Amino acid sequence: RVPACLGGGRACPPEQCLGFWHYPSVLQALAESSEAARPYDGFEPEQFSLSQTNERLQRRCVHYLKKFPEQADTETPGPVVGRQPVLLQAGS
């Protein structure tokens with residue numbers, strides 16, 4: 001079993017932005033059309049692709065399960081905090 005995204009808003013951070021920590025500064029640079037936005041030319045932050053998101057989730061889960069095969073038989077194949085699965089949301 002792999003998780004599936006049912007919906008969302010905004011694109012995930014582009015690869016060159018160094019993760020979600022820097023995403024707000026990327027969005028600000030794009031909004032201001034500043035020189036800092038140059039590496040992100042063509043990036044459309046308001047576009048969300050459900051199929052692309054689910055493809056990425058599936059690839060990451062396959063990679064994770066290859067690295068940790070003992071997790072393949074667990075009921076919740078994702079990160080867990082306490083006894084609750086973590087809800088992953090794009091664009092929050």
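**Figure 1. Salt bridge between E35 and R38 in the predicted model.** Both E35 and R38 are exposed. Their side chains meet in a salt bridge, with an N to O distance of 3.1 Å. The model shown here and in the other views is predicted. Two salt bridges are counted in it. Side chains of opposite charge can pair when their charged atoms come close.

**Figure 2. Salt bridge between E46 and R10.** The N to O distance in the salt bridge joining the side chains of E46 and R10 is 3.0 Å. Distant parts of the chain are linked by this pair, since E46 belongs to the loop between helix 1 and helix 2 and R10 to the segment before helix 1, 36 residues apart. E46 is exposed, at a relative accessible area of 56%. R10 has a relative accessibility of 32% and therefore counts as partly exposed. The backbone of R10 has a phi near 70°, which is a positive value in a residue other than glycine.

**Figure 3. Stacked rings of F20 and W21.** Two aromatic pairs are found in a search of the whole structure. In the pair shown here, the ring centres of F20 and W21 are 4.4 Å apart and the planes meet at 25°; the pair is therefore stacked, as planes under 30 degrees apart count as such. F20 is exposed, and W21 is exposed too.

**Figure 4. Edge-to-face rings of Y23 and F43.** Y23 and F43 form an aromatic pair with 6.4 Å from centre to centre and 70° between the planes, an edge-to-face arrangement. Y23 lies in helix 1 (residues 23-32), whereas F43 lies in the loop between helix 1 and helix 2 (50-67), so the pair ties together parts that are 20 residues apart in sequence. Y23 counts as buried, with a relative accessibility of 9%. F43 also counts as buried, with 17%.

Figure 5. The buried residues of helix 1 include Y23, V26, L27 and A29. Seen down the helix axis, the buried residues fall within an arc of 160°, so they line one face of helix 1. An α-helix has 3.6 residues a turn, so residues three or four places apart point the same way. P24, A31 and E32 are exposed on the other side of helix 1.

Figure 6. The phi of S33 is positive although S33 is not a glycine. This residue lies in the loop between helix 1 and helix 2. S33 counts as exposed, at 64% relative accessibility.

Figure 7. N54 is found in helix 2. Its relative accessible area is 22%, so N54 is partly exposed. When neighbours within four places in sequence are left aside, N54 is in contact with A4 and C5. The C-alpha atoms of N54 and G7 are 9.9 Å apart in space, and the two residues are 47 residues apart in sequence.

Figure 8. Zero disulfides are found in a search of the whole structure. For C12, the closest cysteine sulfur is that of C17, at 8.9 Å, which is too far for a bond because a disulfide needs the sulfur atoms within 2.5 Å. C12 is partly exposed, with a relative accessible area of 33%. C61 is buried, with a relative accessible area of 11%.

**Figure 9. The protein chain as context for the close-ups.** Two helices and two strands make up the secondary structure of the protein chain. Their order from the N terminus on is α-α-β-β. The chain has 92 residues, of which 14% count as buried. Among the contacts in the protein chain with a separation of 6 or more, 55% come from residues 24 or more positions apart.

Terms used
Residues are numbered from 1 along each chain as its sequence is written. This is a predicted model: local features need pLDDT of at least 70, side-chain atom pairs count only at pLDDT 80 or more; totals for chains, interfaces and linings use all residues. Side-chain values use heavy atoms; hydrogens and water are left out. Rings of Phe, Tyr and Trp (its six-membered ring) pair if their centres lie within 6.5 Å; planes under 30 degrees apart count as stacked, over 60 as edge-to-face and the rest as tilted. Buried means under 20% relative accessible area, exposed over 50%, partly exposed in between (1.4 Å probe, protein chains only). Helices (H or I, at least four residues) and strands (E, at least two) are DSSP runs, numbered from the N terminus. Contact means heavy atoms within 4.5 Å. A salt bridge is a side-chain nitrogen of Lys or Arg within 4 Å of a carboxyl oxygen of Asp or Glu. The arc is that of the directions from the helix axis to the C-beta atoms.
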